[in-house]
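Please keep the sequence and the coordinates in view while reading.

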Amino acid sequence: MKKESCGLFGIYGHKDAARMTYFGLYALQHRGQESAGIVTFDGQKTFEHKGMGLVPDVFQENDLKTLLGHIAIGHVRYSTTGASQFRNAQPFLVHFKDLQIAIGHNGNLINTWELRQELENEGIIFQTTMDSEVIVHLLAKYLNGNSLENALAKALNKIKGAYSLLILVNNKLIALRDPFGFRPLSIGKMGSSYVFASETCAFDLLEAEYIRCIRPGEMIVIENDKMSSFQFAEPEKPAPCVFELIYFARPDSIIFDQPVYLARKKMGEILAQESPIEADFVMPFPDSGVYAAIGYAQESKLPFEMAMIRNHYVGRTFIQPSQDMRDFGVRVKLNPVASMIKNKKIIIVEDSIVRGTTIRTRVKKLRELGAREIHMRVSCPPIRYPCFFGIDFSSKGELIASSQRIDEIARFIGLDSLHYLTIEGLKKSIEWQDNFCMACFNEEYPLKPGQKCGKFCIEW
């Protein structure tokens, strides 16, 4: 199963900032389901509420009423460093001298272990096992004698990896992206209020105007209703995560200034050009492969069918009754339309294959229902290498394509044929300017990982 990045939302200058942030996080729920949190500022003090679970479970009406203020930042979390525990829920709030500092982080640092060792040797005490806390301690370290912006720039100069950040410090709201621009973060306007979000679908819900994507290495500061912008670091060769366009982002979002829906549909079209085959129809495993499947069907002039039905009332936190029933979670979420399957030659379009075990279970069910042939087309190249920048496949051993040939994967899953979109085909599908991170496909990492990386590298 693939896991999402975190989601960030922030707003400056709105009388009901907490409620707007709640709606923004609701739109970004797909990016993280482990915890949710909001921190607000009313001109004098901060207020916070966070908890484990989905946004509507964490926040009730009474909770929103206690979150006073005209500035707010919010966070939905999928953990990439640090376990899924309350202590690691964000935004992370600390008090330092006369500053109240709250931080929300999307991404993953690759030198967390080294920096934490250095800070602990200086006597720093950590409250969490998040890489995000390292940023806060570095900021505090450099605040003596420096402005907030300069101290933050010095702190960021020490860290390496992927980070899109929203930082609330008293009456300032700061938004920034790392010099490589791994993770998305955009700015918009909602009346006279400034808004920030990981994805533009949050702007759409609030009828906010999308302005642009924050540039790599750019820091935007909102204070006294005025916006200023400067480069805290020289941009590196841009390396936004291509998996945002393939899988992470909602299809109605604009990511890295590209419409996600059109990119995924184009991936399906190129896939059909690379590997055409005769079949009765094209189908996705909803919802991940839907838009590439539409593109494949239209390009190949084959019928598009939703022959697998998703139960939308099953959450991602569904608990399986026992290990012996580990396939139950797959069956309860998706169920094939039996009358569509028998004696049919089927093309399944999927967005990616990570481990292959879930897809294998679904294909087995189609075989049991009498499918004559099953062909799979995947709208991204084989994932062969781990990611250290915020995607939850951090070890090579869990990636089926790292150790098996494509024909071996096809046999394992139970397919008559299997074709992955080529890297060249993926480049044709998006607005390619030699500027996306594709390390999970080609092992060309923009940054070399540190000594210890992984979700639990600093776990107690």
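In this model, the side chains of D287 and R310 meet in a salt bridge, with 2.2 Å from N to O; the term denotes a side-chain nitrogen of Lys or Arg within 4 Å of a carboxyl oxygen of Asp or Glu. D287 lies in the loop between β16 and α10 and R310 in strand β17 (residues 308-310), so the pair ties together parts that are 23 residues apart in sequence. Helices (H or I, at least four residues) and strands (E, at least two) are DSSP runs, numbered from the N terminus. The model is predicted: local features need pLDDT of at least 70, side-chain atom pairs count only at pLDDT 80 or more, and totals for chains, interfaces and linings use all residues. Residues are numbered from 1 along each chain as its sequence is written, and side-chain values use heavy atoms, with hydrogens and water left out.

By the salt-bridge rule the count comes to 25. One of them joins R19 and E61, at 2.7 Å from N to O. Because R19 belongs to helix α1 and E61 to helix α3 (residues 61-66), this pair links parts that are 42 residues apart in sequence. In another, between E218 and R215, the closest N and O atoms are 3.1 Å apart. E218 is buried, at 0% relative accessibility, whereas R215 is partly exposed, at 41%. Here buried means under 20% relative accessible area, exposed over 50%, and partly exposed in between (1.4 Å probe, protein chains only).

Helix α1 (residues 17-27), which holds R19, lies across β1 (7-12), β2, β4 (71-77) and β9 (186-190), running at about 25° to β4. Angles run from 0 to 180 degrees between N-to-C directions, the axes being lines fitted to C-alpha atoms, for helices over the stretch in contact; contact means heavy atoms within 4.5 Å. An open sheet of 7 strands has the order β3-β2-β4-β1-β10-β9-β11, with antiparallel pairing. β3 (46-52) and β11 (209-213) stand at the edges, each with a single partner strand, so one side of each has no neighbour in the sheet. Strands count as paired if DSSP finds at least two bridges between them. β2 (residues 35-41) and β3 are joined by 7 bridges, and G37 has K50 as its bridge partner in β3.

A parallel pairing joins β20 and β21 over 4 bridges, with M376 opposite L418 in β21. Both faces of β21 (residues 417-420) are covered: S417 and H419 on one side and L418 and Y420 on the other are all buried.
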